[in-house]
Amino acid sequence: MNTTADHRSEKSAKAAAERVATKPTKSREATPKSLSRKKAKPALLAGGNPQIAKAEGDAPVQAYIAAMPGWKSDIGRRLDAIIMRTVPGVHKAVKWNSPFYGIEGQGWFLSFHVFTRYVKVTFFRGTSLRPVPLGESKHKDVRYLDIYEDQLDEAQFAAWVKQASQLPGERM
């Protein structure tokens with residue numbers, strides 16, 4: 001029989017029991033740390049794209065726009081305002097860390113995404129728009145609009161939004 005090992009075993013068990021007994025219990029009420037976590041800004045992914053949980057409605061889209069870094073947040077607000085003005089009752093959601101806009105029950109007609117130097121708008125049926133947006137895609141129907149700082153043509157964007165909202169939407 002190894003009395004030294006038994007003695008160590010008893011001693012470590014006693015020490016562990018004392019640690020548990022003296023350990024303060026955590027309150028279930030919100031602590032300052034958990035409150036600050038709720039108000040914390042979303043993490044920015046590669047290129048500065050905000051990480052927003054997938055959700056339907058205006059609130060997650062507004063959270064995304066508010067988290068867009070620098071001048072891109074202003075672009076996001078302008079895009080959202082133009083879309084809402086052009087397509088009353090537009091359906092909104094955040095999917096894959098990007099705001100999506102569509103007609104309820106008919107699918108999505110556009111989304112946008114933040115990159116390091118620009119905001120990329122995706123028109124899911126872009127090849128049907130006139131004039132066709134310049135940004136080509138590997139997807140047959142998709143066209144892109146890359147918006148750099150101070151380079152948003154609001155009248156052209158509104159015209160594309162109106163056209164895109166009248167086309168069959170993309171189901172995702």
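1. In this predicted model, helix α4 buries K72, S73, I75, G76, L79, D80, I82 and I83. The helix has 16 residues and spans 23 Å from its first C-alpha to its last, close to the 22 Å expected at 1.5 Å a residue.

2. Helix α3, residues 58-67, has P60, V61, Y64, I65 and A67 as its buried residues. These buried residues pack against α4 (71-86) as well as the strands β1 (55-56), β2 (91-95), β3 (98-103) and β4 (107-114).

3. The structure contains 7 salt bridges. One of them joins the side chains of K92 and D58, at 2.5 Å from N to O. Because K92 belongs to strand β2 and D58 to helix α3, this pair ties together parts that are 34 residues apart in sequence. K92 counts as buried because its relative accessibility is 5%, whereas D58, at 38%, counts as partly exposed.

4. Within helix α4, D74 and R78 are 4 residues apart, about one turn of the helix. They form a salt bridge in which the closest N and O atoms are 3.7 Å apart. D74 counts as partly exposed at 36% relative accessibility, and R78 counts as partly exposed at 24%.

5. A salt bridge also forms between R125 and D141, with 3.5 Å between the closest N and O atoms. Both residues lie in the loop between β5 and β6 (143-147), and the pair links distant parts of the chain, 16 residues apart. Salt bridges that share partners join D58, D80 and K92 into one network. D80 is also among the buried residues of α4.

6. The largest pocket has a volume of about 240 Å³. It is lined by 15 residues, of which F100, S111, T122, F124 and Y144 are the closest to its centre. At least two lining residues come from each of β3, β4 and β5 (119-123), and β4 gives the most, with 3. By class, the pocket lining divides into 7 nonpolar, 5 polar and 3 charged residues.

7. How many cavities of 30 Å³ or more does a search of the whole structure find? The search finds 1, and the largest cavity holds about 30 Å³ of space. Its lining consists of I103, Q106, G107, W108, F109, A164, S165, L167, P168 and G169. The elements giving two or more residues to this lining are β4 and α5 (154-165), with β4 giving the most, at 3 residues. The cavity lining has 6 nonpolar and 4 polar residues, and no charged ones.

Note on methods
Residues are numbered from 1 along each chain as its sequence is written. This is a predicted model: local features need pLDDT of at least 70, side-chain atom pairs count only at pLDDT 80 or more; totals for chains, interfaces and linings use all residues. Side-chain values use heavy atoms; hydrogens and water are left out. Buried means under 20% relative accessible area, exposed over 50%, partly exposed in between (1.4 Å probe, protein chains only). Contact means heavy atoms within 4.5 Å. The expected span of a helix is 1.5 Å times one less than its number of residues. On a 1 Å grid over the protein atoms alone, a cavity is a set of points where a 1.4 Å probe fits but cannot get out, and a pocket is an open set with protein on both sides within 12 Å along at least five of seven lines; lining residues have an atom within 4 Å of a point. Grid points are joined across faces, edges and corners, and a volume is the space filled by probe spheres set on the points. Ala, Val, Leu, Ile, Met, Phe, Trp, Tyr, Cys and Pro count as nonpolar, Asp, Glu, Lys and Arg as charged, and the others, Gly among them, as polar. A salt bridge is a side-chain nitrogen of Lys or Arg within 4 Å of a carboxyl oxygen of Asp or Glu.
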